[in-house]
Amino acid sequence: MNWLKKSASDTQLTHGDRLWLYIIATIVMLLLVIPTLIVMPMSFSDSQYLEFPPSNWSMRWYYEYFESSKWMRATVTSIQVGTLTMLLATPMGVMAAYALFVSGHRASKLLFAFLITPMIVPVILIAIGVFYSYGRVGLNNTIFGLVLAHAVLAAPLVMIVITSALRNYDLNQERVARSLGATRIKAFFVITLPQIKFSVVTSALLAFLTSFDEVIISIFVSGGSNATLTKHMFAALRDFIDPTIAAISTIMILVSTTLLLATQYISSREK
Amino acid sequence: MSVLNTPNPDAEDRGVEPLNEKSLRAQDVQEQRLLLSLATPAVLAVIAIVVIPVGWLFYLSFTGSDGQLSLVNYQKMIEYKSYARTFVTTFEVSILTTLICIMIGYPLAYFLAMLPERLAGFFMLAVLLPFWTSLLVRTYAWLVLLQKNGILNDFAMSIGLWDSPLKLVHNLTGTLIGMAHIMLPFLVLPLYGSMRKIQRDLMHAAANLGASPVQAFWKIYFPMSLSGMVAGSLIVFVLCLGFYVTPAVLGGGRVVMVATQITAILENQFNWGAASALGVVLLVVTMIILTIATKVFKLDAVLFGKR
């Protein structure tokens with residue numbers, strides 16, 4: 001246990017003196033990770049009641065999920081809405097972030113604050129407001145309506161990621177290109193975009209996940225044959241503990257973990 | 001663009017304006033406008049999804065059941081006890097969640113900030129993994145863990161912590177556990193960011209000058225980490241105020257927060273005026289807190305990394 005006696009801090013504490021910190025931090029990290037991970041083995045239980053560890057393993061709840069037309073329809077809707085949200089929010093956010101960052105106009109700071117309001121206004125308020133307004137124009141239960149609302153939630157995230165990428169990028173390169181005769185648009189696509197492409201991909205994944213995981217707006221605005229996965233899951237959670245949800249949760253955890261690791265990999269490439 | 005803004009040095013030497021000064025400036029302004037217009041789709045979308053709908057609710061909140069302008073929805077909020085209870089519960093849950101997050105989040109952020117950056121990046125996955133996992137999935141996980149014959153009760157009884165199963169879910173306890181779990185990353189990330197910016201030399205200097213480790217921490221390190229802690233706590237608090245899913249599921253109808261009340265009013269009474277009024281109060285409270293916070297604590301500096 002030589003390691004414990006080694007100096008750990010700038011105030012001459014040893015690792016031994018810090019042991020309590022390591023223990024607390026480990027407990028907190030376990031508390032953060034375990035609850036989400038423990039659902040995975042439980043989803044392979046044979047029993048109606050979720051047990052851990054399962055006494056009998058089976059794929060029963062996965063069959064239940066994949067054979068239910070309700071869940072399949074909702075999954076397709078969620079993926080569809082997530083993809084369309086990504087395709088709408090990413091260009092919208094990148095354009096806005098670029099415009100505000102490069103123009104240096106007096107109004108750009110104010111505009112940035114305005115565009116970020118969807119992150120600040122409580123989502124429940126946006127949800128019922130949009131539900132009411134959509135009711136007037138017949139957009140409730142439509143894919144387009146849901147995508148539009150989700151894109152507004154996702155665009156601020158795209159903007160934040162892209163703005164910080166632009167901050168680390170030397171805009172003079174674009175100026176050089178333009179002084180050599182490139183148009184502004186060409187300079188952006190040939191010089192700037194390739195250098196911030198990893199951030200663009202990260203922000204696109206974030207946009208997809210924002211939509212895919214969104215619950216409250218989906219509860220109000222989606223419905224009928226266009227109800228999302230989260231809407232059905234929420235309804236199921238309020239009524240009883242359906243083990244099918246454990247199977248769906250496992251799949252959703254795998255999706256988000258894959259996306260998270262992808263962004264981590266991407267950001268390590270960028271550096 | 002600064003290239004265009006820079007006056008021609010030759011012209012300045014001679015003390016005359018270049019002949020094309022005016023048209024250059026006009027071009028400059030035009031270009032700025034053209035650039036800003038790239039933000040138009042985003043601006044229009046926010047107007048369509050946030051400004052108009054929320055403005056509409058604002059209007060509805062000042063409309064009585066007869067369609068006339070009135071304050072009846074706000075009067076009800078003062079008269080009926082159930083509204084007052086909802087607000088008390090909302091603040092209670094939000095404050096408690098924030099405190100729990102600070103108590104368990106500070107040591108974690110401190111631990112991460114002490115590690116070499118590569119290692120911290122690895123352990124940071126423990127914070128990011130739940131952050132990226134669907135909120136609904138995490139709420140479900142806690143529902144399963146905390147239920148009467150759930151893992152936590154089984155485990156605690158098998159090691160003799162308590163004899164009969166405790167009621168851990170469908171009440172305030174369950175709500176707080178679930179919400180703290182979901183909010184923790186929002187505290188740890190800004191706190192960790194501000195801790196990383198603290199120069200370690202300062203602690204070294206404090207120790208050199210005779211401070212004990214405890215003194216050095218409280219007098220030097222802690223005050224410098226406060227900005228990140230306040231920013232994180234405010235985000236957590238404000239997000240808690242409008243929370244819907246977790247209290248609805250883990251509270252089991254016993255923890256009625258503002259968002260839960262809003263949906264209940266809409267589902268049971270279809271009373272848009274009353275629901276909107278509650279929403280408006282929620283928004284105003286959120287805005288007041290954030291405005292004070294940005295003024296007093298320079299919240300945006302911590303959030304967006306500006307100095």
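In this predicted model, the cover over the buried residues of H15(B) is drawn from both chains, since it includes H7 of chain A along with helix H6 (81-114), helix H13 (213-241), helix H14 (245-250) and H16 of chain B.

- The buried residues of H15(B) are Val258(B), Ala259(B), Thr260(B), Gln261(B), Ile262(B) and Ile265(B).
- After H15(B) comes Phe270(B), with a positive phi near 55°, and this residue sits in the loop between helix H15 (258-268) and helix H16 (272-297) of chain B.
- Phe270(B) counts as exposed, because 9 other C-beta atoms lie within 10 Å and a residue with 12 or fewer is put in that class.

**Gly273(B) in helix H16**

- Gly273(B) is placed in helix H16 of chain B, and this glycine counts as buried because it has 23 C-beta neighbours inside 10 Å, where 20 or more are required.
- Leaving aside residues up to four places away in sequence, Gly273(B) touches Leu60(B), Ser61(B), Thr63(B), Gly64(B), Ser65(B) and Asn73(B).
- Between the C-alpha atoms of Gly273(B) and Ile100(B), which are 173 residues apart along the chain, the separation is 35 Å.

**H4(B)**

- H4(B) consists of 22 residues and spans 30 Å from its first C-alpha to its last, which is close to the 32 Å expected at 1.5 Å a residue.
- A bend of about 40° is found in H4(B) at Ile47(B).
- Buried positions in H4(B) are Ala42(B), Ala45(B), Val46(B), Ile49(B), Val50(B), Pro53(B), Val54(B), Leu57(B), Leu60(B) and Ser61(B); of these, Leu60(B) and Ser61(B) are also among the residues touched by Gly273(B).

**Contact between chains A and B**

- Across the two chains, 70 residues of chain B are in contact with 73 residues of chain A, and on the chain B side H4(B) gives the most, with twelve residues.
- Sorted by class, the side of chain B that touches chain A holds 58 nonpolar, ten polar and two charged residues.
- Two packed helices are described by the angle between their axes and the distance between the axes.
- For helix H4 (residues 69-103) of chain A and helix H4 (residues 40-61) of chain B, the packing angle is about 115° and the axes are 7 Å apart.
- The residues that make this contact are Met92(A), Gly93(A), Met95(A) and Ala96(A) from H4(A), together with Pro41(B), Ala42(B) and Ala45(B) from H4(B); by class they are six nonpolar, one polar and no charged.

- Most residues other than glycine have a negative phi.
- Asn141(A), although not a glycine, has a positive phi of about 65°, and its place is in the loop between helix H7 (123-137) and helix H8 (143-167) of chain A.
- Asn141(A) is classed as partly exposed, with 15 other C-beta atoms within 10 Å.

Methods. Residues are numbered from 1 along each chain as its sequence is written. Chains are lettered from A and ligands numbered from 1 in the order in which they are written. This is a predicted model: local features need pLDDT of at least 70, side-chain atom pairs count only at pLDDT 80 or more; totals for chains, interfaces and linings use all residues. Axes are lines fitted to C-alpha atoms, for helices over the stretch in contact, and angles run from 0 to 180 degrees between N-to-C directions. Helices (H or I, at least four residues) and strands (E, at least two) are DSSP runs, numbered from the N terminus. Two residues are in contact if their C-beta atoms, placed from the backbone, lie within 7 Å. Ala, Val, Leu, Ile, Met, Phe, Trp, Tyr, Cys and Pro count as nonpolar, Asp, Glu, Lys and Arg as charged, and the others, Gly among them, as polar. The expected span of a helix is 1.5 Å times one less than its number of residues. The bend at a residue is the angle between axes fitted to the seven residues ending there and the seven starting there.
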